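Visitor: Before we begin, could you put the model in view and take me through it by question and answer?

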Amino acid sequence: KRVAILISGGGSNMVSLVDSMGEDHPAMPVLVLANGAEAGGLEKARARGVETAVVDHRPHKGDRASFEEALHARICEAQPDILCLAGFMRVLTEGFVRRWDGRMINIHPSLLPKYTGLNTHARALAAGDTEAGCSVHEVTAELDAGPLLGQARVPVEPGDTPATLAARVLAQEHILYPQVLRRFAAGDKTPVFLP
Ligand code: GRF
């Protein structure tokens with residue numbers, strides 16, 4: 001299976017995914033695409049020999065449809081079978097999602113269905129949660145709400161800040177996402193639960 005990975009920032013999840021796709025893996029990375037040339041993950045992808053692209057959302061000035069047309073066209077050039085959103089910070093409309101229905105997955109830094117959207121760690125701390133984590137799900141038109149493909153739980157520690165909790169969760173993202181992708185690429189949608 002051919003995998004395209006969409007990023008917006010440092011791409012640490014992308015790195016974990018790319019590094020997980022070795023010889024005996026059902027998938028291979030064919031594109032890393034960012035919605036801005038400043039994304040630090042682009043250099044990491046190039047260093048790993050993965051083709052990169054930028055489709056900047058800013059010239060489209062809030063015209064989601066025209067941004068998504070450009071995005072879709074560029075992605076299709078790589079002819080991927082699977083799209084992985086990995087720290088991709090643009091909301092995709094139903095129009096785009098429908099074109100990739102059943103072939104697009106995302107990692108979100110909370111134990112879905114709790115805390116869809118942003119600032120998940122601060123919200124978990126504010127709620128006094130004793131555990132947190134991350135989820136991988138199929139992307140549907142509803143934000144952060146598609147069928148669950150995996151979850152990893154971490155304890156909330158006394159004195160945690162959003163940053164310390166984010167770091168603990170991110171380390172689990174790097175373990176969870178590759179495991180989910182391996183199954184998904186093999187056509188297995190059995191969810192992964194860690195630990
Ligand atoms: C992190 O907050 C991660 O939890 C979420 O996207 C952000 C950036 O991740 N998935 P990455 O380092 O760009 O993969």
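**Fold, packing and charge**

Guide: Among contacts in this predicted model between residues at least 6 apart in sequence, the share that joins residues at least 24 apart is 60%.

Visitor: In what order do the elements of the protein run from the N terminus on?

Guide: The protein has six helices and eight strands. From the N terminus on, these elements run β-α-β-α-β-α-β-α-β-α-β-β-α-β.

Visitor: Which elements are included in what covers the buried residues of α1?

Guide: Buried here means under 20% relative accessible area, and of the 195 residues of the protein 47% count as buried. In helix α1, which takes in residues 12-20, the buried residues are Asn13, Met14, Val15, Ser16, Leu17 and Val18. Their cover includes β1 (2-7), β2 (28-34), α2 (41-47), β4 (82-85), β5 (104-108) and α6 (162-185).

Visitor: What part of the accessible surface belongs to carbon and sulfur atoms?

Guide: The accessible surface of the protein comes to about 9,000 Å² in total, and the part of this surface that belongs to carbon and sulfur atoms is 54%.

Visitor: How far apart are the mean positions of the positive and negative charges?

Guide: The protein has 20 positive and 23 negative charges.

Terms used:
Residues numbered from 1 in each chain as written. Predicted model: local features only at pLDDT ≥ 70, side-chain atom pairs only at ≥ 80, totals over all residues. Heavy atoms only, no water. Helix = DSSP H or I, 4+ residues; strand = E, 2+ residues; numbered from the N terminus. Buried < 20%, exposed > 50% of the residue type's maximum accessible area, 1.4 Å probe, protein only. Contact = heavy atoms within 4.5 Å. Areas by Shrake-Rupley, 256 points an atom, 1.4 Å probe, with all protein chains shown as cover. Lys, Arg positive; Asp, Glu negative; His and termini not counted. Charge placed at Lys NZ, Arg CZ, Asp CG, Glu CD.
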